[in-house]
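This report takes one protein chain and describes how its elements are arranged, beginning with the chain as a whole and ending at its surface.

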Amino acid sequence: MTGFVLADITDEQIRAMASQIQTNGFVCLPGLFTPEEVNEAQAQALAMTEEANWEYTGREGSDAFSGAILEELTSREEFSQLCHRLCRHQGIELRDPSTKQVLRCLTGNSGLKHCFYFHYDSFELTALVPILIPSEEPSGDLFMFPNARARRRSYLVNMIEKFLLDRRGAQARIKKRALSHTLRLKLQPGNIYFFNGNRTLHANGEIDPRFIRATMVVHFAETYHDHWIRKLRRGVSNLKT
């Protein structure tokens with residue numbers, strides 16, 4: 001890996017990064033991957049898309065990235081420590097310092113259904129790793145309302161807000177506002193973007209269905225890890241697998 005060496009990031013740099021997340025809503029580590037590593041990740045995403053007949057596809061969990069450069073990043077102790085320190089310098093109390101990886105490949109008409117879905121994550125910190133980003137517009141920019149709410153400790157309150165946000169009328173109003181009054185990031189493969197997923201309302205923008213927008217999202221520190229509903233849902237999910 002080039003650019004930033006995770007193990008060499010000083011505590012002062014971590015404080016500066018955490019301050020940027022608080023002030024600007026995100027922080028970017030540029031050039032984290034070499035061109036060869038980016039090409040390897042892109043080849044994996046392209047193969048997944050071809051298997052799905054050029055429609056939306058995704059994978060979840062560390063097993064889905066076995067043997068790939070994407071697994072190397074999230075399995076490294078330095079990455080986990082970086083996430084932990086970013087949270088600590090923001091005063092975030094960690095209930096569960098584990099990670100969850102999700103790889104999403106948006107393309108075709110089915111990919112359009114996953115655009116402009118504004119939501120909050122149920123994890124404290126989100127790391128977004130762009131893999132394939134279309135060179136032509138629309139290219140699936142990241143739309144963000146940075147730190148739009150206070151941290152939600154109550155899982156019930158979070159579920160109520162999610163129900164209200166998921167309503168079609170609410171999503172339409174948020175999209176209209178987002179197109180002119182929010183932070184819009186153009187993503188660059190090779191970089192990694194950190195933001196507070198539990199506090200930041202966010203969505204990817206529209207893509208041209210002829211192209212692929214592939215990203216890996218790494219969620220760190222589940223906010224509601226100990227809640228009985230979350231435990232029940234995890235148990236049901238494990239039974240299905």
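## The chain as a whole

What percentage of the 241 residues in the protein chain is made up of buried residues? Buried residues, meaning those under 20% relative accessible area (1.4 Å probe, protein chains only), make up 47% of them. The model is a predicted one, in which local features need pLDDT of at least 70 and side-chain atom pairs count only at pLDDT 80 or more, while totals for chains, interfaces and linings use all residues. Residues are numbered from 1 along each chain as its sequence is written, and side-chain values use heavy atoms, with hydrogens and water left out.

The protein chain has eight helices and nine strands, these being DSSP runs numbered from the N terminus (helices H or I, at least four residues; strands E, at least two). Of its contacts (heavy atoms within 4.5 Å) with a separation of 6 or more, 90% are between residues 24 or more positions apart. The accessible surface, computed by the Shrake-Rupley method with a 1.4 Å probe, comes to about 12000 Å², and 52% of this belongs to carbon and sulfur atoms.

## Strand β4 and its partners

Strand β4 (residues 123-132) is mostly covered, with ten of its ten residues buried. Eight bridges join β4 to strand β9 (residues 213-222) in an antiparallel arrangement, and the bridge partner of L125 in β9 is F220. Three bridges join β4 to strand β7 (residues 192-195), again antiparallel, where T126 stands opposite F195.

## The three-stranded sheet

Three strands form an open sheet in the order β6-β5-β8, with antiparallel pairing; two strands count as paired if DSSP finds at least two bridges between them. The edge strands, each pairing on one side only, are β6 (183-185) and β8 (201-204). From one strand to the next, the twist averages 20°.

Strand β5 (residues 142-145) pairs with β6 over three bridges, and L185 in β6 is the bridge partner of L142. Helix α7 (residues 168-181) packs on this sheet and touches β5 and β8, its direction making about 100° with that of β5; axes here are lines fitted to C-alpha atoms, for helices over the stretch in contact, and angles run from 0 to 180 degrees between N-to-C directions.

## A nonpolar surface patch

L156, I160, F163 and L164 make a nonpolar surface patch of about 420 Å². Residue I160 is found in helix α6 (residues 155-165) and is partly exposed, with a relative accessible area of 46%, where partly exposed lies between the buried limit of 20% and the exposed limit of 50%.

Key. Patch = residues over 30% accessible without salt bridge, like charges linked within 9 Å, V, L, I, M, F, W, Y side chains within 5 Å. Salt bridge = Lys/Arg side-chain N within 4 Å of Asp/Glu carboxyl O.
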